[in-house]
Amino acid sequence: MSRISGISRVAVAVSALALAASACGKTSTEANTPEDNGGDKGASTSYKGKGIGLAYDIGGQGDQSFNDAAYSGYEKARAEFKIGGVDVEPSDGESDADKVQRLTSLAKQGYNPVIGVGFVYAKAVGEVSKKFPNTTFGIIDDSTVKEKNVADLVFSEEQGSYLAGVAAAKATKTKTVGFIGGVETPLIKKFEAGFVQGVQDTDKSVKIKRQYLTQPPNFDGFSKPDLGKEAAKGMLDADADVIYHAAGLAGQGAIEAAADAKKWAIGVDSDQYNQKALDKQKAYILTSMTKDVGGAVYALTKSVVEGKPLSGEQRFDLKAGGVGLSDSNPAYKEMTDVVAAVDKAKKAIEDGTITVKSTP
């Protein structure tokens, strides 16, 4: 996948930021200031920030999944509140010090909020937020940072993954399904736990193949499609005909392998059926476990613009629409038994009849 370079997209008027960002990642998009967007129209008169500072996770913009979901919220907030912003790419193999430098640069220049996309920013957000108490920081997928000016934006991934498990168990013809996790971390274990429980509660006779692509501190399992493709091929060869991935950019490889074999894939984070980069495979993307990362970015930005910044843990669960299962593929909607089973499970989770485990 090609990625537009930072230099080609950064305006001369803000070249200083590009230089600052280049030391610890590429500047993906440089947005206009509020004045360039027609003044403060649409934004609170009390808002004094330069706009949103968004720092991407492994894989960066264009992953068709987690980071792109964050970008959608960034775009929506900028457009609605008429504010500026910048989104910054990570560097391959970067350290926590690189992340600290990136967030520090954004905060120094007046971006507010500053959002780290992914739990890998926990240490950096914890450190930098203390130095900039008047800036609101957000971190997605981590609840360990307890500073007053930090919002921990977390999701009930296990609940959405349960629905994916129900769909997989109902759709399989071979009675064998697969789960591919990018990196074996507590967060991705939540996806596995929900999926496995959903499958087993629906049909105990269905076999579940499980594989993690890499182990920490190797995070290639979130960024290298070839790893996902190889893992999926192994599962398909072992009779799996539905594969659910929680592997970010690496998950594209899993989807490609499933489509090549004319078997079902279940996407993650974004509605992957609607991702342009996956147009050739979309017919085989049964559904996706959606995670409203964009909604979380938007909600935090809205709170800052309105002068009432969120802080502490902000949880987005199934009942609140923070996670769910997409129905964009017409083939999915035609499977009335699958849809009915998913709808029944969704209601049971929301009313507390079903409690979904967050560990396998």
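Mentor: Start with Asp351. Its relative accessible area is 45%, so Asp351 is partly exposed. Keep in mind that this is a predicted model. Asp351 meets the side chain of Lys347 in a salt bridge, at 3.6 Å from N to O. Lys347 has a relative accessible area of 56%, so Lys347 counts as exposed. The cut-off for exposed is over 50%. Side chains of opposite charge can pair when their charged atoms come close.

Now take Glu313 and Arg315. They form a salt bridge, with the closest N and O atoms 3.3 Å apart. Glu313 has a relative accessible area of 41%, so Glu313 is partly exposed. Arg315 is partly exposed too, at 40%.

Next come Asp220 and Lys224. This salt bridge has its closest N and O atoms 3.4 Å apart. Asp220 is partly exposed, because its relative accessibility is 26%. Lys224 reaches 37% and is also partly exposed.

These pairs belong to a longer list. The count comes to 18 salt bridges. Some charged residues are joined in a network: Asp141, Glu157, Glu158, Lys190 and Lys291 are linked by salt bridges.

Helix α6 covers residues 157-171. Its 15 residues should span 21 Å at 1.5 Å a residue, and its end C-alpha atoms are 21 Å apart, which agrees. Of those 15 residues, 14 are buried, so α6 is largely enclosed by the rest of the structure.

Thr185 sits in the loop between β7 (176-183) and α7 (186-202). Its relative accessibility is 6%, so Thr185 counts as buried. The cut-off for buried is under 20%. Thr185 touches Phe119, Pro216 and Phe219, leaving aside residues up to four places away in sequence.

Thr301 lies in helix α10 (residues 293-305). At 0% relative accessibility, Thr301 counts as buried. With residues up to four places away in sequence left out, Thr301 touches Ile52, Ala77, Phe81, Ile83, Pro113 and Ile115. Ala77 and Phe81 are among the buried residues of α3. Just after α3, Lys82 takes a positive phi of about 55°.

Key
Residues are numbered from 1 along each chain as its sequence is written. This is a predicted model: local features need pLDDT of at least 70, side-chain atom pairs count only at pLDDT 80 or more; totals for chains, interfaces and linings use all residues. Side-chain values use heavy atoms; hydrogens and water are left out. Helices (H or I, at least four residues) and strands (E, at least two) are DSSP runs, numbered from the N terminus. The expected span of a helix is 1.5 Å times one less than its number of residues. Buried means under 20% relative accessible area, exposed over 50%, partly exposed in between (1.4 Å probe, protein chains only). Contact means heavy atoms within 4.5 Å. A salt bridge is a side-chain nitrogen of Lys or Arg within 4 Å of a carboxyl oxygen of Asp or Glu.
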